[in-house]
Amino acid sequence: KKNQIFLLKVIKILPKNYFLTLVGPLEKKGMHASRDKKYFLEIKRMVKYYKIQNRVNIITKFIDNPKKYYHKSNLCLFPFKNEGLGTPVLESIASGRPVFVNDENKNFSEFYKYKTLLNIPLIPELWAKKILSISIHNKLLERNSKLLLSKYNSDQDNKIYKKIIKEIVKK
């Protein structure tokens, strides 16, 4: 679903001074544990096969403060498939970073006006080319960050999530 293997194909194409950090919890128990373990092992296998071990950092735990990762990054890449409106995409825009998303995901159309959310087909060579050519002006990134933060915030998200949960519980 998150399509991290796609990003391994992209980083393999890029020059050796480009690095990739994959962040997200690995479910060890529960319904998705087997699926997650299988996918994680496939990621590790591909990292070794592509000989990019020194360029890929994998963090398999839940991150309480993702902002520090966004601020350390030059770009945020989300090639996921079948994903709803992902909070990490909004957080990335709010952090003032250019954001790449899979162009199959139409959930972000409202955010294309920010000009820092780039909607790109899932072709590794195209993503690598766009990464190499990215030059979004810092003023635009700062303006978009402030604009998004003025409209959306985690308190607002929490209220929406609580409302949805209350509706589900009532049923």
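Trainee: Are phenylalanine 78 and phenylalanine 80 buried or exposed?

Mentor: Buried means under 20% relative accessible area, exposed over 50%, and partly exposed in between, using a 1.4 Å probe and protein chains only. By that scale, phenylalanine 78 and phenylalanine 80 are both buried. A word on the ground rules: this is a predicted model, where local features need pLDDT of at least 70 and side-chain atom pairs count only at pLDDT 80 or more, while totals for chains, interfaces and linings use all residues. Residues are numbered from 1 along each chain as its sequence is written, and side-chain values use heavy atoms, with hydrogens and water left out.

Trainee: How many aromatic pairs does the structure hold?

Mentor: Rings of Phe, Tyr and Trp (its six-membered ring) pair if their centres lie within 6.5 Å; planes under 30 degrees apart are stacked, over 60 edge-to-face, and the rest tilted. Here there are four aromatic pairs. One of them joins phenylalanine 78 to phenylalanine 80 in a tilted arrangement, with 5.8 Å from centre to centre and 50° between the planes. Another is edge-to-face: phenylalanine 100 with tryptophan 127, at 5.6 Å and 70°.

Trainee: Where in the chain do phenylalanine 100 and tryptophan 127 lie?

Mentor: Helices (H or I, at least four residues) and strands (E, at least two) are DSSP runs, numbered from the N terminus. Phenylalanine 100 belongs to strand 4 (residues 99–102) and tryptophan 127 to helix 5 (residues 124–133), so the pair links distant parts of the chain, 27 residues apart. Phenylalanine 100 is buried at 0% relative accessible area, and tryptophan 127 is buried at 0% too. Ring pairs also bring in Phe6, making a cluster of Phe6, Phe100 and Trp127.

Trainee: Which residues of helix 5 are buried?

Mentor: They are Pro124, Trp127, Ala128 and Ile131. These four lie on the same side of helix 5, because they cover an arc of only 100° around the axis; the arc is that of the directions from the helix axis to the C-beta atoms. The face turned away from that buried side carries the exposed residues Glu125 and Lys129.

Trainee: What covers the buried residues of helix 5?

Mentor: Contact means heavy atoms within 4.5 Å. The cover includes helix 1, strand 3 (76–78), strand 4 and strand 5 (117–120).

Trainee: How many salt bridges does a search of the whole structure find?

Mentor: Side chains of opposite charge can pair when their charged atoms come close. A salt bridge is a side-chain nitrogen of Lys or Arg within 4 Å of a carboxyl oxygen of Asp or Glu. The search finds two. In one, arginine 35 meets aspartate 36, with the closest N and O atoms 2.8 Å apart. Arginine 35 is partly exposed at 48%, whereas aspartate 36 is buried at 14%. The other joins glutamate 42 and arginine 45, at 2.8 Å from N to O. Both residues lie in helix 2 (residues 33–49), three residues apart, about one turn of the helix. Glutamate 42 is partly exposed at 27%, as is arginine 45 at 45%.

Trainee: Which residues is asparagine 3 in contact with, leaving aside its neighbours within four places in sequence?

Mentor: Asparagine 3, found in the segment before helix 1 (4–13), is in contact with Tyr39, Pro79, Phe80, Lys81 and Leu122. Its side chain reaches the backbone oxygen of proline 79 at 3.0 Å; a polar contact is a pair of N or O atoms within 3.5 Å, where within protein one must be able to donate a hydrogen and the other to accept it, and residues adjacent in sequence count only if both atoms are side-chain atoms. Asparagine 3 counts as buried, at 14% relative accessibility.
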